[in-house]
There are 2 protein chains.
Amino acid sequence: MPKPFKSGTQLSELETPVAIVEKAVLQRNMQRMKLLAETHNIRLRPHFKCHKASGFARMQFELGAAGICCQTAGEAEVAAAAGIPDILITNQVLHPARLARLALLAGKTRIGLCFDNPKQVDAASAAVQKVETKIDAYIELDVGGNRCGVRGSDAAIALAAHISQSPGLHLRGLQAYHGAAQHLRKPAERRRAASAVAEQSGAVRSRLTQSGFDCRIITGGGTGTCVEDAEAGGLSELQPGSYLFMDGDYGLNETSLSDPFEHSLFILATVISTRPEHAVIDAGLKSMAFDCGPPRIFGHDRLEYRNASDEHGVLVPVSGPNPLRLGDRIKLIPGHCDPTINLHDAILLMDGDRMERVIEIDARGPR
Amino acid sequence: MPKPFKSGTQLSELETPVAIVEKAVLQRNMQRMKLLAETHNIRLRPHFKCHKASGFARMQFELGAAGICCQTAGEAEVAAAAGIPDILITNQVLHPARLARLALLAGKTRIGLCFDNPKQVDAASAAVQKVETKIDAYIELDVGGNRCGVRGSDAAIALAAHISQSPGLHLRGLQAYHGAAQHLRKPAERRRAASAVAEQSGAVRSRLTQSGFDCRIITGGGTGTCVEDAEAGGLSELQPGSYLFMDGDYGLNETSLSDPFEHSLFILATVISTRPEHAVIDAGLKSMAFDCGPPRIFGHDRLEYRNASDEHGVLVPVSGPNPLRLGDRIKLIPGHCDPTINLHDAILLMDGDRMERVIEIDARGPR
């Protein structure tokens, strides 16, 4: 922990740049997702990659999550050490050392892993056999993301046959995540995409079970399509991450929720230099991700964030003189929350303007 | 340290994604910068913000650096703890707690700080008076960056007068860094920019000394303009950072060096999924910065990196079928090295294909 954060510190006293999350908003977001899942009788398996923090994962478990997703073996190790009992790696893992770590972990907690190629299956089977554990196997389907995943029933059946003959692997279902659909702005577009996911994955499941393979679970979805996926009814479980925080990009989706998810995550910054025409703040490329564009400035609709550099950003009014003064505190809504959180070692949980506690990003970084 | 890295591990065995630096190239880059500085009789004050690692700072000191630059108080604390005796914060610092930390540090190591507003001066003076230390004061000039810094001699003289009356601050010179000029592609364009920096800062220095103020040092420059700044002769010291590693963006500058700086930093990735038309690797937004565009793929000029997501990237051939196979190792040249390194907890120093030692990014993150 690089900086000493003391519970009870007021927002106005915090050293910046720092990531903060508003507890009341976070709790509302969690309750809304819980209600959505309960209403549609779908299980929640929130994605750990979003926050990489066992503190947030425990909150999600206390509210009834059935398990979590992780993207890497290192994330799974941190989550398992924090007591999370059911982890699905929504990714392909190839490296023998990393598979050995997952195989060890599978002796203590339930571990699932995704496959789209028989060589991945062989490597995983070899690793689990060495330590006599078992790993759940999911066949990843390409349901529109055009990245990983097999296409169509024949490929899925061939891979299922290979998995079934591989000691230590237990075929459990399908990974059917449509990344691109998360950012479709209109509910009708997302509804079409979610229906297509449900249809494709349902058809593959039918062929698999007809062929005698076990396929209990279809897992997928995200914050962007959670309503549409729940309504489409094709998935057994939802994998949302960003709903806890909401970012600038997801904020641009038109929602059909009557109580939509709200922004709870902010990067707090300070004005360190001013001119008549602009203000310079201390938050740049090293405290926020810019792959979904620059951050929005909370409470200042007429200010734009420009010219991001490593430790600086320039706030420029759309028109007129700069309204900010040296020392002013600014709350920024990052464009993309996952890679933004990954820049920080800690997020401060705020109860109003009072810092309640530090949530360590204990799985931060490539691991 | 999240992952166990063992000295002696071969490149082909490393878990990915991981940041690696090629020692022989790194050493050549350091020797070239040393030669440039010696040839032009200019001091080197490399920028710590680039690597945030006391291990690299110590290498730079062993090769004759006169001091380092830092961008934040937290970076200075890490560097000072590692024995670096002369640190200039090339930034404005306002927060009383952070200034108190710098004032404490100034009791042990030489600390300089930049100012462009009398309120920053008052805050710093109050902090150093409390612990009876002294801090070197530099007036930041805007020499074309259009971000922080005062403009023109009159503003500089007014600020110098204020600094001179502020106990605990010792006026030492001018910070004259032209960020935008670093990325001008043609040597002639950079020459014009460097001449303008030398001229403007020289004129301000003349006015300051005529008015009875001390102005011994003009500090500035970076990897992009190092040759042109050294030749222009206006600066007392150079502040380059990226020359150690070189990134995709600086690699696009046309150089006038006969032995130019070379790429020494790579993100090592693995192909985890393949199709006839593309390969998916395990390095995305959480292991590289994309603000200067996607990475180049070392040794594969006909492959493009597309569709960066958190933990994935898609490598697509410009034409023809995908030449990569599952498990292939890929070396990526990141577009921008500073925010890329800031994503990692460690860089592995490679002696050829053998991992020699881990260099911890011990000042990583906002601090």
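A:Lys52 is buried, with 28 other C-beta atoms within 10 Å. The model is predicted: local features need pLDDT of at least 70, side-chain atom pairs count only at pLDDT 80 or more, and totals for chains, interfaces and linings use all residues. Residues are numbered from 1 along each chain as its sequence is written, while chains are lettered from A and ligands numbered from 1 in the order in which they are written.

**Exercise 1.** Find where A:Lys52 is located and describe its phi.

*Solution.* Begin with the burial class: a residue is buried if 20 or more other C-beta atoms lie within 10 Å of its own, exposed if 12 or fewer, and partly exposed in between, with C-beta atoms placed from the backbone. Next, the location: A:Lys52 is in the loop between strand 2 (43-44) and helix 2 (54-62) of chain A. Here helices (H or I, at least four residues) and strands (E, at least two) are DSSP runs, numbered from the N terminus. Finally, the phi of A:Lys52 is near 55°, a positive value in a residue other than glycine. For background, most residues other than glycine have a negative phi, and most peptide bonds are trans.

**Exercise 2.** Now turn to B:Asn307: is this residue buried or partly exposed?

*Solution.* B:Asn307 counts as partly exposed, with 18 C-beta neighbours inside 10 Å. Its place is in the loop between strand 13 (303-306) and strand 14 (313-317) of chain B. B:Asn307 also has a positive phi of about 50° although it is not a glycine.

**Exercise 3.** Locate the cis peptide bond that ends at A:Pro17.

*Solution.* The bond runs from A:Thr16 to A:Pro17, with omega near 0°. A:Pro17 lies in the segment before strand 1 (18-22) of chain A. In chain B, the bond from B:Thr16 to B:Pro17 is cis too, with omega near 0°.

**Exercise 4.** Work out which side of helix 6 of chain A holds its buried residues, and what they pack against.

*Solution.* Check the length: helix 6 (residues 152-164) of chain A has 13 residues and reaches 18 Å from its first C-alpha to its last, close to the 18 Å expected at 1.5 Å a residue. The expected span is 1.5 Å times one less than the number of residues. Next, list the buried residues: A:Ala156, A:Leu159, A:Ala160, A:His162 and A:Ile163. They cover an arc of only 160° around the axis, so they sit on the same side of helix 6 of chain A. The arc is that of the directions from the helix axis to the C-beta atoms. Their packing partners in chain A are strand 5 (110-115), helix 5 (118-131), strand 6 (135-140), strand 7 (169-175) and helix 7 (187-210).

**Exercise 5.** How are chain A and chain B related, and how many residues does each give to the contact?

*Solution.* A rotation of 180° with 0.0 Å of shift along its axis superposes chain A on chain B (RMSD 0.0 Å). The two copies are thus related as by a two-fold rotation axis. The superposition is by least squares on the C-alpha atoms of residues with pLDDT of at least 70 in both. Of the residues of chain A, A:Leu343 comes closest to the rotation axis, at 3.2 Å (C-alpha).

For the contact, count residues whose C-beta atoms, placed from the backbone, lie within 7 Å: 49 come from chain A and 49 from chain B. Strand 10 (265-274) of chain A gives the most to the side of chain A that touches chain B, with 3 residues.

Technical notes: Contact = placed C-beta atoms within 7 Å.
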